[in-house]
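Biologist: Can you walk me through this one? I'd like to start with the helix and strand labels, then go on to the ligand and the charged pairs.

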Amino acid sequence: MSKMEVKTSLLDNMIGVGDMVLLEPLSEDSFIGNLKNRFDHNEIYTYIGSVVISMNPYKPLPIYTAEKVEEYRNRNFYELSPHIYALADEAYRSLRDQDKDQCILITGESGSGKTEASKFVMSYVAAVCGKGQEVNKVKEQLLQSNPVLEAFGNAKTVRNDNSSRFGKYMDIEFDFKGDPLGGVISNYLLEKSRVVKQPRGERNFHIFYQLLSGASEDTLKKLKLDRDFSKYNYLSLDSATVNGLDDAASFRTVRNAMQIVGFMEDEVQSVLELVAAVLKLGNIEFKPESRVNGFDESRVKDKNDLKEMCELLGLEQSVLERAFSFRTVEAKMEKVSTTLNVAQAYYARDALAKNLYSRLFSWLVNRINESIKAQTKVRKKVMGVLDIYGFEIFEDNSFEQFIINYCNEKLQQIFIELTLREEQEEYVREGIEWTNIEYFNNAIICDLIENNQNGILAMLDEECLRPGTVTDETFLDKLNTVCAEHQHFESRQSKNSKFLTDHSLPHNCFRIQHYAGKVLYRVEGFVDKNNDLLYRDLSQAMYKANHSLIKLLFPEGNPSKVNLKRPPTAGFQFKASVGTLMKNLLTKNPNYIRCIKPNDKKAAHIFTDSLVCHQVRYLGLMENVRVRRAGYAFRQAYEPCLERYKMLCKQTWPHWRGQARDGVEVLLTDLQVPVEEFAYGRSKIFIRNPRTLFFLEEKRRQCLEDLATLIQKIFRGWKSRRQFLLLKKSQVVVAAWYRRYAQQKKYQKIRCSALVVQSFIRGWKARKILRELKYKKRCEEAVTTISAYWHGTQARRELKRLKEEARRKHAIAVIWAYWLGLKVRREYRKFFRANAGKKIYDFTIQRIMQKYFLGLKKTTLSMSPIDKSWPAKPYGFLEGTHQELRRIFHLWRCKKYRSKFTKEMKATYEEKLAASELFKDKKALYPSSVGQPFKGDYVELSKNPKYQKLNSLVEDKVLLADVVSKINRANGKGAPRMFLLTKNNFVLADQKTGQVKTSVPLPDLSSVSVSTQNDGFFALRVKEGATSAAKGDFLLSSDRLIEIITKLHRIGSASADRNQIKIDISDEFLVQFKQDKVCVKFIQGAPKNGNGVICKRKNNRLLEVSVPSP
Ligand SMILES: Nc1ncnc2c1ncn2[C@@H]1O[C@H](COP(=O)(O)OP(=O)(O)O)[C@@H](O)[C@H]1O
Ligand SMILES: [Mg+2]
């Protein structure tokens, strides 16, 4: 628990006292006064220990909201103000956590709010228990069983517009986690007499009205019903409609609830058919018909209703009709049929109607049980909710009241037993001495009613079974003899002379002193009601019905199971079921809700003292308080007690460090509470008198007031101080900020001013400097301008002077020259001939030429024919001469050079020359061959011993011997071959062995083909028809192609009898291989990358040679 959680108590904000145990002084008046006080403040719940008293407010109160549920959830019983939720929570938690089966016993007069209370308990449990799809479905079914049962089992009475006319006990079953699994409903004693007759101002069961108002036209037609209530004898008309009850809407709710609970559509239909049949039955009337034997026999008056009812139930009309006129009595092996008079017929009709309806009701309960029963076999925890009629004391009390009051007597018994037992157990548990409590034990009254030998019920049964005439009077006589001695039995005729003159006790009545008061019972109808007779003819007629549900309801009508024994009497059945109920309740932990209604008018705000007093009396509430207070009135666990009162003692306030029990002991000693006023239990403190508790409470209240004042004082001081400190702090902050702001402003202003002043000064200074500078500049400009003007003037003057001078000098020179010329011409005219000028010119030229040649002679010129150097031309007019001389000199030095050649060199150069003629500018391979000397024999044939034999085979002189590649025509690959060329033929021999492969006479060759590229491929074509043409042409490759071809060509040109061999230079030529002609095509491949020439066979007719571009 967090520190801040507020611990509350029942004792807080109490109106009156929340727990009657604390009432001081305890009297009936104070008790009722307390109830009234609380009721007036809408506090409808009050405790007596753990019992909840509930006053019916007759108005909706806002205390059943989801928030309230949350408020009471998981809180201890005495922690909050009294509420039914506190009890439900206590019960549910002790069921879930301590595994104790619970029962919630709700008792009270009709209209006191029992049924509502039971619904609040169920809805609370539904709200706080587990959730989930399956669980929610179970909850929904359990909750929806209520509207169905209420429609069939509730009716408007003078006390309650929705009065339950049956007792109901419902076991809700939970699994180990506390999730609901299902439930079982038991019903007790439906008030079936209501089906045929209702007291003034009351109604029949709701369902009849709901069906007629809410069913569709179609349904009504099927059920052969009319919407008009007045058409039906069984429906009282004086209060057919009830304020605040919408029958039509309720009908829809009921149908919906039936669907949720799990009724099949045909089941609902059957149920409605039965309801309709009851209404029809009520309309059947009888008339007397005189018989010969003088007796009257009844006859059905108007057969239409009978017919319709039979149709509805699938009955044969005649069978039912007969059952209303005759009655068969079977005894041993005899069957006697007697006629029924009109009164008997009506009796039979009503008995049938009542039976039909009450059996239908029981079937409904069973059917609901079937739907809501738990689906598992695991052990279940059970919470029983008993909503049963309370004590009934009417003016006219009959068998029903007797039975009901008996039931209450039994409940009171277990109430006393269990309360005492619980009380005693608590004392034992807490180790406190148990002092015997005097209380009234009503076992003696129960005995009066239920004793098997001489109890009233046993007597009634005996009377009913006795042969001979049995009347209510004979029954009373019997009671008068048997029970006369009993303390609680009173009768006029009893032997006890005490009542002989008691005029409040009529002759046909007996009176029982119930624990809750005396009740006068009129014996009329006891025998009949106990017998609850339904003529066998009727039940057999019903069994014959062609209707599944009816057949099921009347099993005793089955002729094959005729049972001559009388069915158990109503009293017997009831006693048995009450017995089972009591046994069941005794196994559980009880929780009591005692309902009280404040007035008879169903009105809010009215509190009728006498009425409440009456209920308080017969509910034995005072008794209850007394029992509870007999030992110790109040008890509380040590912790909450210490928590609540610790402020009353210095040692325990504000914190007690030790055990709570010791704390409480210290506390009570300190307060000087008399020792006999309390006892220390194991976990609880027991306080004998409420006085003591109130003393503590009063002390606490005072103390709280003081504490509150103290707290207030300290808090106010603290608050003010805090406020002050805050203000102070704020003031400092504000002041600081303000000062800062003001300073900032001031500073900014000064700064601005300084800037302005500064700028003015700077401006002034600048302007001054500018002025000075401008002045200076203007002066300088003036000086410059003046000096420029001055220099200009000077310069122009000087220029003028110089020009003058130059003109003068030139004039002088010209004049002088003219004069000299004149003088010379005058002097030398006599020495010159006419062509002297030409001669002088020639002489000059001669001199220049002389100088040029001599200069040439002096320069040493290179004698190498390839040296291109030559002196520069000296004069432009000597250009032609100069070049001619150069040519001549070159020719001359070439001649000189050639004259040094030997014969071999000459041949070599001739060859080179031939090569040049053949290939220069035609084949790209040529330039590389220029520098190579043509050696001819590259294998040194004569010296190499390997080729000795080959050498000897060749007769002529070998002109060229070298290794070449012979290109395979199939794949373009080359194979090395020795290639020998002589004057007359060429030979191809194996390179290794020197063995001759082919020898072709040169005359057989027609031409040679080579490409223009930088490759060594050449094809030697053999003339067609030549002897060596068999093998076709030869495609060879050699680096020395130029030499080979040149030599081959020169051999042809050397001999006069032979044609020169033709040389084709082309990038595409044909080669004859045996039969095929193959085209050899040269293409320019990628630039040289080391791969060299690649020859590939492309197809049958194409060999492609890729030559790297240079
Ligand atoms: N706690 C309550 N708050 C508001 N109205 C109530 C409450 N309890 C009972 N009533 C009213 O009293 C009427 C009768 O209650 P009901 O539970 O049917 O009585 P009982 O079952 O004891 O005969 C209800 O129809 C309802 O109008
Ligand atoms: Mg009720």
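Modeller: Labels first: helices are DSSP runs of H or I with at least four residues, strands are runs of E with at least two, and both are numbered from the N terminus. Keep in mind that this is a predicted model.

Biologist: Fine. How far apart are E805 and K809 in helix α26?
Modeller: They are 4 residues apart in that helix, so about one helical turn separates E805 from K809. Their side chains meet in a salt bridge, 3.8 Å from N to O.

Biologist: Is K809 buried or exposed?
Modeller: K809 counts as exposed, at 53% relative accessibility. E805 counts as partly exposed, at 25%.

Biologist: What else is in helix α26?
Modeller: I714, for one; the helix covers residues 690-828. I714 is exposed, with a relative accessible area of 53%. Together with L710, I711, F715 and W718, I714 makes a nonpolar surface patch of about 520 Å².

Biologist: Switching to the ligand. Which residues are closest to ligand 1?
Modeller: N56, G111, T115, E116 and N160, out of 17 residues that surround ligand 1. By class, the shell has 9 polar, 4 charged and 4 nonpolar residues.

Biologist: Which helix gives the most to that shell?
Modeller: Helix α4, residues 114-128, with 4 residues.

Biologist: What polar contacts does ligand 1 make?
Modeller: Among them, an oxygen atom of ligand 1 lies 2.6 Å from a backbone N or O atom of G111. A polar backbone atom of E116 is 2.8 Å from an oxygen atom of the ligand. On the side-chain end, an N or O atom of Y64 is 2.9 Å from a ligand nitrogen atom.

Biologist: And how much of ligand 1 does the protein bury?
Modeller: The protein buries 84% of the 550 Å² that ligand 1 exposes when taken alone.

Biologist: Back to charges. How many salt bridges does the structure hold?
Modeller: 66. One of them pairs R511 with E490, with the closest N and O atoms 2.7 Å apart.

Biologist: Which parts does that pair tie together?
Modeller: R511 lies in strand β14 (residues 509-514) and E490 in strand β13 (residues 489-491), so the pair links parts that are 21 residues apart in sequence. R511 is buried, with a relative accessible area of 10%. E490 also counts as buried, at 2%.

Biologist: What about K1098?
Modeller: Its side chain meets that of E1104 in a salt bridge, at 3.8 Å from N to O. K1098 counts as partly exposed, at 47% relative accessibility. Elsewhere, salt bridges with shared partners join R165, E191, R194 and E202 into one network.

Conventions. Residues numbered from 1 in each chain as written. Chains lettered and ligands numbered in written order. Predicted model: local features only at pLDDT ≥ 70, side-chain atom pairs only at ≥ 80, totals over all residues. Heavy atoms only, no water. Near = heavy atom within 4 Å. Polar contact = N/O pair within 3.5 Å; in protein donor to acceptor, adjacent residues only side chain to side chain. Areas by Shrake-Rupley, 256 points an atom, 1.4 Å probe, with all protein chains shown as cover. Nonpolar A, V, L, I, M, F, W, Y, C, P; charged D, E, K, R; others polar. Patch = residues over 30% accessible without salt bridge, like charges linked within 9 Å, V, L, I, M, F, W, Y side chains within 5 Å. Salt bridge = Lys/Arg side-chain N within 4 Å of Asp/Glu carboxyl O. Buried < 20%, exposed > 50% of the residue type's maximum accessible area, 1.4 Å probe, protein only.
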